[in-house]
Amino acid sequence: VWIFGRLSDTLGRYLTLLISLGLCVVQAWIIPFFNNMNVYLACRFFDGASFGGYFLIAYVLNVEYAPPKYRSMLGSLNKFFASVGSALIAMLGFAFKDFRAFAIALAIPPTIMWILSFLFFPESARYATLMKTVMGQTHYGKMY
């Protein structure tokens, strides 16, 4: 997670979100097609690390765009949906008896999120302001 935190400070939250979610998608689509346990374990490790980066950046973006009055509620709501998703994965496991079909079903939601991220996720306001400040510009004009 600390790798994605540093990346989001240097590359921006939006690009780091796309990278972490893209890594999740790649790992999720590799898992159903390999029979080797070592490949499976490596993919699950990198999938967990990239999902950790995704949740970190998604939480920060939620909190940055919310008014101060609603920040704690939106931060908690983010984890609520993650918990509901984990419960749904357990229920989905009962519906699929084949491991490969189950793994493909689990690969579809991050793929859809990754595609939608290109269309709807904005860059962090804090990062955009910081980059303008670093380059000598602010919202109010030139820095002195």
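**Close-up views of a predicted helical and strand-containing model**

Figure 1. Among contacts in the protein with a separation of 6 or more, 68% join residues 24 or more positions apart. The structure shown is a predicted model. Its secondary structure consists of six helices and two strands, and from the N terminus the order of the elements is α-α-α-α-α-α-β-β.

**Figure 2. Surface and burial of the protein.** The protein has 144 residues, of which 27% are buried. Its accessible surface amounts to about 9,600 Å². Carbon and sulfur atoms contribute 74% of that surface.

**Figure 3. Helix α2 against helix α5.** Helix α2 spans residues 13-30 and helix α5 spans residues 99-120. Their axes come within 9 Å and cross at roughly 155°. Because this angle is over 145 degrees, α2 is roughly antiparallel to α5. The crossing of these two helices is left-handed. On the α2 side, the contact is made by Tyr-14, Leu-17, Leu-18, Leu-21, Gly-22, Val-25, Ala-28 and Trp-29. On the α5 side, the contributing residues are Ala-103, Ile-104, Ala-107, Ile-108, Pro-110, Thr-111, Met-113, Trp-114, Ser-117 and Phe-118. By class, the residues of this contact comprise 15 nonpolar, three polar and no charged.

**Figure 4. Helix α2 against helix α3.** Helix α3 covers residues 37-65, and its axis comes within 8 Å of the axis of α2. The two axes cross at roughly 150°. This angle also lies over the limit of 145 degrees, so α2 is roughly antiparallel to α3. The crossing of α2 and α3 is left-handed. The contact of α2 with α3 is made up of 14 nonpolar, five polar and three charged residues.

**Figure 5. Ala-82 in helix α4.** Ala-82 is part of helix α4, which runs over residues 71-95. The relative accessibility of Ala-82 is 25%. Ala-82 therefore counts as partly exposed, since buried means under 20% and exposed over 50%. Phe-55 is 27 residues from Ala-82 along the chain. The C-alpha atoms of Ala-82 and Phe-55 are separated by 8.9 Å.

Key
Residues numbered from 1 in each chain as written. Predicted model: local features only at pLDDT ≥ 70, side-chain atom pairs only at ≥ 80, totals over all residues. Heavy atoms only, no water. Helix = DSSP H or I, 4+ residues; strand = E, 2+ residues; numbered from the N terminus. Buried < 20%, exposed > 50% of the residue type's maximum accessible area, 1.4 Å probe, protein only. Contact = heavy atoms within 4.5 Å. Areas by Shrake-Rupley, 256 points an atom, 1.4 Å probe, with all protein chains shown as cover. Axes fitted to C-alpha atoms, helices over the stretch in contact; angles between N-to-C directions. Parallel < 35°, antiparallel > 145°, perpendicular 65-115°, else oblique. Left-handed = near helix turned anticlockwise from the far one by under 90°. Nonpolar A, V, L, I, M, F, W, Y, C, P; charged D, E, K, R; others polar.
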